[in-house]
Amino acid sequence: MHKSGQRVSFWSAVAMGIGAMVGAGIFALLGAAGAIVGSAVWVSFVIGGLIALLSGYSFGRLGARYPAAGGLVEYLVQAYGVGRFSGTMSVTMYLGALVAVSLVARTFGTYAVALMPVGTPQIMVSVLAALVILAFMVINLGGAKAMARAENIVVLIKMSVLVAFAAIGLIFVDPAQLAPASYPPAPMILYSVAITFFAYEGFRVITNAAEDMADPARTLPRAIMTAIGLVMVIYVALAIAVFGNLPPEKVVAARDYALAEAARPVFGQAGFTIVAVAALFSTASAINAALYAVTNVTYEMARKGELPAIFGEPIGHSREGLIVSSATIVLLVVLFDLSAIAVIGALTMLFIHMVTHIGHLRLLDQTGASRGLIWLAVLANAVAVTLGGWHLSTTNPGLLLWIVGFITLSFIVETGLHAVTGRKVTARTPGQQTTGN
């Protein structure tokens with residue numbers, strides 16, 4: 001296996017997962033979920049967290065058995081063999097990851113501009129988003145140890161602010177604003193889970209650090225479950241604090257900066273500024289962790305022939321896939337409005353998770369995972385995809401066509417690269433190594 005020669009400890013892996021999860025998700029999606037379910041958002045975060053824990057269990061057992069830098073890429077190959085299907089899913093996941101990081105970067109730029117003097121040109125959103133991507137690209141060129149050190153510091157700062165805000169905000173909560181009588185029907189809460197789950201989706205980056213762990217079979221599963229559990233507590237507490245201090249209509253009106261706006265009633269303008277700064281730290285750390293994960297994924301895919309070989313070439317303590325991916329993200333940030341594409345990315349990732357869990361059912365003899373829990377992971381993700389798709393069909397059906405196009409593009413890329421390279425590849429770690437699927 002490829003190793004950087006630098007170790008990621010248990011708590012560094014946990015910090016990496018927290019950094020990837022507590023990024024744009026909680027800051028951008030809290031208002032979006034509130035527009036659907038109002039003050040019942042905390043219930044949606046609980047359900048989304050339970051689905052994430054089921055997925056985390058599945059990925060943790062897969063990662064313990066197949067500790068490869070590619071994470072889900074490796075699991076797909078182990079389950080389905082080397083072929084067009086696993087390759088298409090891998091490329092789809094990679095493209096979706098780039099879109100997700102681009103959205104996080106734009107969120108960083110938006111919050112940064114909000115803290116600048118009135119009249120600051122909106123072009124600065126793209127400029128600052130591009131600069132933060134380039135800054136963390138340089139940090140990641142230092143390898144896993146440099147990434148982990150930066151992540152630990154950033155996560156400590158942002159979590160301190162968020163925990164303090166949640167704790168104090170809970171003291172001033174108005175119970176009447178959280179009364180169950182104001183909750184929407186259960187189906188509304190259930191299909192909002194497709195949105196709240198996306199706030200947890202970043203935990204998968206921990207699987208990409210498996211090769212840099214001294215004992216991945218023990219460290220990886222524990223780190224995944226710990227990170228999800230801690231983030232779940234924070235999300236639920238923040239949702240209660242926000243909707244307990246602001247009526248849903250005000251949260252929705254300030255959907256892009258709902259957490260910062262919720263700080264005004266208690267802390268005034270200073271609270272708004274502090275939480276906005278925490279948003280900058282949160283999105284920055286999410287970018288840091290995501291770039292590390294994307295680099296490992298592209299290295300694995302390049303080795304398998306699913307991306308050009310240049311992605312796997314070494315540079316510094318990293319790979320050239322980091323440079324290419326960062327440049328692509330910057331291009332997306334500068335040229336496109338990614339809000340609608342983010343919805344596509346959310347459902348695409350849920351679909352890929354479901355496909356991975358289905359594949360895990362074929363590997364139970366090797367991973368030793370509970371069949372019942374893996375089936376629950378499959379069903380939970382399937383329900384989230386179905387309900388999220390149904391919600392899109394009623395609000396913006398055209399986006400469903402983009403999802404089909406996204407997967408079609410991935411198939412074309414996969415087929416074209418294999419035709420050009422003519423490579424026959426094998427699974428990275430011992431296990432099921434069939435070809436064709």
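**View 1. A nonpolar surface patch.** Ile-123, Val-127, Leu-131 and Leu-134 form a nonpolar patch on the surface of this predicted model. Together they have about 340 Å² of accessible area. Accessible areas come from the Shrake-Rupley method with a 1.4 Å probe, and for residues only the protein chains shown count as cover. Patch residues have over 30% relative accessible area and no salt bridge; like charges are joined within 9 Å, nonpolar side chains (Val, Leu, Ile, Met, Phe, Trp, Tyr) within 5 Å.

**View 2. Val-127 and Ser-126 in helix H6.** Val-127 lies in helix H6, residues 123-140. Ser-126 lies in helix H6 too. Helices (H or I, at least four residues) are DSSP runs, numbered from the N terminus. Val-127 is partly exposed, at 35% relative accessible area. Ser-126 is buried, at 10%. Buried means under 20% relative accessible area, exposed over 50%, and partly exposed in between (1.4 Å probe, protein chains only).

**View 3. The contacts of Ser-126.** Ser-126 touches Arg-106, Val-333 and Val-334, leaving aside residues up to four places away in sequence. Contact means heavy atoms within 4.5 Å.

**View 4. A salt bridge between Arg-204 and Glu-201.** The closest N and O atoms of this pair are 2.3 Å apart. A salt bridge is a side-chain nitrogen of Lys or Arg within 4 Å of a carboxyl oxygen of Asp or Glu. By this rule the count comes to 1. Arg-204 counts as buried, at 10% relative accessibility. Glu-201 also counts as buried, at 4%.

**Notes.** Local features need pLDDT of at least 70, side-chain atom pairs count only at pLDDT 80 or more, and totals for chains, interfaces and linings use all residues. Residues are numbered from 1 along each chain as its sequence is written, and side-chain values use heavy atoms, with hydrogens and water left out.

Note on methods
Helix = DSSP H or I, 4+ residues; strand = E, 2+ residues; numbered from the N terminus.
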